[in-house]
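This briefing covers salt bridges, strand pairing, nonpolar cores and a surface patch. Please keep the sequence and the structure at hand while reading.

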Amino acid sequence: MRIFYLVDDIGATFTFDHLTKALFTEVEGIGIERDNTYVNFDGTYKLVKRENPMGSISGKIIFLNGYEGYTEFLNYLKKCRGSLRLFYKADNLKYVYVELKSITKTELESGVLQCSTTFDKLSMWLSRTTNTISVEENNLNKAYPYTYPYTYSRSFVGTMTFTNHSSYKAPLRIEITGKTYHPTIEIYQKEQLISKMRMLVSTTNASDKLVINAIPTEQEMSMTSGGKTTNIYSNQDFNCDNFLYLPSGSYTIRFEPGVTEKTTCKVTIIEMYEGN
């Protein structure tokens with residue numbers, strides 16, 4: 001059974017089902033659409049560029065309770081805050097950013113209202129996964145060559161394996177909570193370093209938060225301390241990538257807070273798909 005529902009930035013939801021008495025049917029535009037550019041070699045063509053156009057998603061909304069349901073839907077759209085996402089589940093749940101383009105209003109037939117509806121499609125189909133990396137004391141490469149008391153440098157590190165199942169690089173949203181000193185995140189494929197983030201800041205409270213968000217429409221580098229949020233774009237190590245993306249495949253993400261505290265690092269990966 002296919003499921004459709006809309007969600008805005010604060011989580012307000014409109015579900016298309018028999019409970020709301022609004023059904024989204026005859027849906028088109030959820031598959032793959034490409035703009036391809038070719039070079040002609042005497043009748044043989046070679047692909048040189050592939051783009052994903054904005055496109056649209058269209059169908060019929062059937063309001064089983066007629067004009068009352070139509071008005072309830074319009075009221076939902078009027079009260080929406082921020083961006084609107086259309087979620088769709090057939091086998092796997094994914095979502096796409098949309099904007100209402102048009103909705104018709106026709107005559108009632110047996111108390112039912114059928115409205116042709118079109119949404120502008122503003123993104124690829126997206127899948128969001130979040131995991132938290134917890135740090136532990138790193139005991140690697142420690143040596144104790146002395147018979148008398150010796151103080152060594154303690155290091156706390158956390159690692160976790162992440163997989164990008166899509167064929168497009170996936171932007172990462174990093175959220176670090178707790179004490180830090182020049183926190184570092186590295187992405188490895190086996191033993192090879194693929195990408196790195198390093199912020200030249202320090203946080204001193206367990207509730208302090210750093211956000212480094214690579215999602216193109218939401219890019220952010222910020223620090224929140226004592227209820228105040230500041231931009232830390234100028235505090236990044238410009239020798240590193242900092243806005244991190246995960247290529248297709250499986251990778252190990254290594255987080256080092258730079259302090260001997262059990263700081264947490266929440267990593268959100270946004271996989272991108274052409275169709276759903």
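Does Asp237 count as buried or exposed? Asp237 counts as buried, at 12% relative accessibility; buried means under 20% relative accessible area, exposed over 50%, and partly exposed in between (1.4 Å probe, protein chains only). This is a predicted model, in which local features need pLDDT of at least 70 and side-chain atom pairs count only at pLDDT 80 or more, while totals for chains, interfaces and linings use all residues. Residues are numbered from 1 along each chain as its sequence is written, and side-chain values use heavy atoms, with hydrogens and water left out.

**Salt bridges**

- The whole structure contains 9 salt bridges, each defined as a side-chain nitrogen of Lys or Arg within 4 Å of a carboxyl oxygen of Asp or Glu.
- One of them joins the side chains of Glu274 and Arg34, at 2.7 Å from N to O. This pair links distant parts of the chain, 240 residues apart: Glu274 is in the segment after β23 (264-273), and Arg34 is in the loop between β3 (22-28) and β4 (35-41). Strands here are DSSP runs (E, at least two residues), numbered from the N terminus.
- Glu274 is buried, with a relative accessible area of 11%, whereas Arg34 is partly exposed at 36%.
- Asp237 has a salt bridge with Arg198, at 3.2 Å from N to O. Here too distant parts of the chain are linked, 39 residues apart, with Arg198 in strand β16 (residues 192-198) and Asp237 in the loop between β20 (228-231) and β21 (245-246).
- Arg198 has a relative accessible area of 26% and is therefore partly exposed.
- Glu256 and Arg254 form a further salt bridge, with their closest N and O atoms 3.1 Å apart. Both partners are partly exposed: Glu256 has a relative accessible area of 26%, and Arg254 one of 24%.
- A network of salt bridges links Glu186, Lys196, Arg254 and Glu256.

- Strands β15 (184-189) and β22 (249-256) run antiparallel and are joined by 5 bridges; two strands pair if DSSP finds at least two bridges between them. Glu186 stands opposite Arg254 in β22, and both residues also belong to the salt-bridge network.
- Strand β22 also pairs with β12 in the antiparallel sense, over 7 bridges. In this pairing Thr163 stands opposite Ser250 of β22.
- Strand β19 (residues 220-225) is joined to β20 by 4 bridges, and the two run antiparallel. Thr224 has Thr229 as its bridge partner in β20.
- The hairpin of β19 and β20 has 2 residues between the strands, and Gly226 takes a positive phi near 60° there.

**Nonpolar cores**

- In soluble globular proteins, nonpolar side chains tend to be buried together.
- The largest nonpolar core has 28 residues, of which Leu172, Ile174, Ile185, Ile212, Ile253, Cys265 and Val267 touch the most other members. A nonpolar core is a set of buried Ala, Val, Leu, Ile, Met, Phe, Trp, Tyr and Cys residues joined through side-chain atoms within 4.5 Å.
- At least two residues of this core come from each of β12 (156-164), β13 (170-177), β15, β18 (209-213), β19, β22 and β23. Strand β13 supplies the largest share, 4 residues.
- Leaving out residues up to four places away in sequence, the contacts of Leu172 include Ile187, Ile212, Leu246, Ile253 and Val267; contact means heavy atoms within 4.5 Å.
- Another core, of 27 residues, lies apart from the largest one and has Phe16, Val27, Phe63 and Tyr70 among its members.

**Ile61 and its surroundings**

- Ile61 lies in strand β6 (residues 56-63) and counts as buried, at 0% relative accessibility.
- Beyond its neighbours within four places in sequence, Ile61 is in contact with residues including Phe16, Leu23, Phe24, Phe73, Ile103 and Leu113.
- Ile61 and Lys49 are 12 residues apart along the chain, and their C-alpha atoms are separated by 36 Å.

**Surface patch**

- Tyr38, Tyr45 and Leu47 form a nonpolar patch on the surface, with about 330 Å² of accessible area together. Accessible areas come from the Shrake-Rupley method with a 1.4 Å probe, and for residues only the protein chains shown count as cover.
- Patches are made of residues with over 30% relative accessible area and no salt bridge, like charges being joined within 9 Å and nonpolar side chains (Val, Leu, Ile, Met, Phe, Trp, Tyr) within 5 Å.
- Leu47 lies in strand β5 (residues 44-51) and counts as partly exposed, at 34% relative accessibility.
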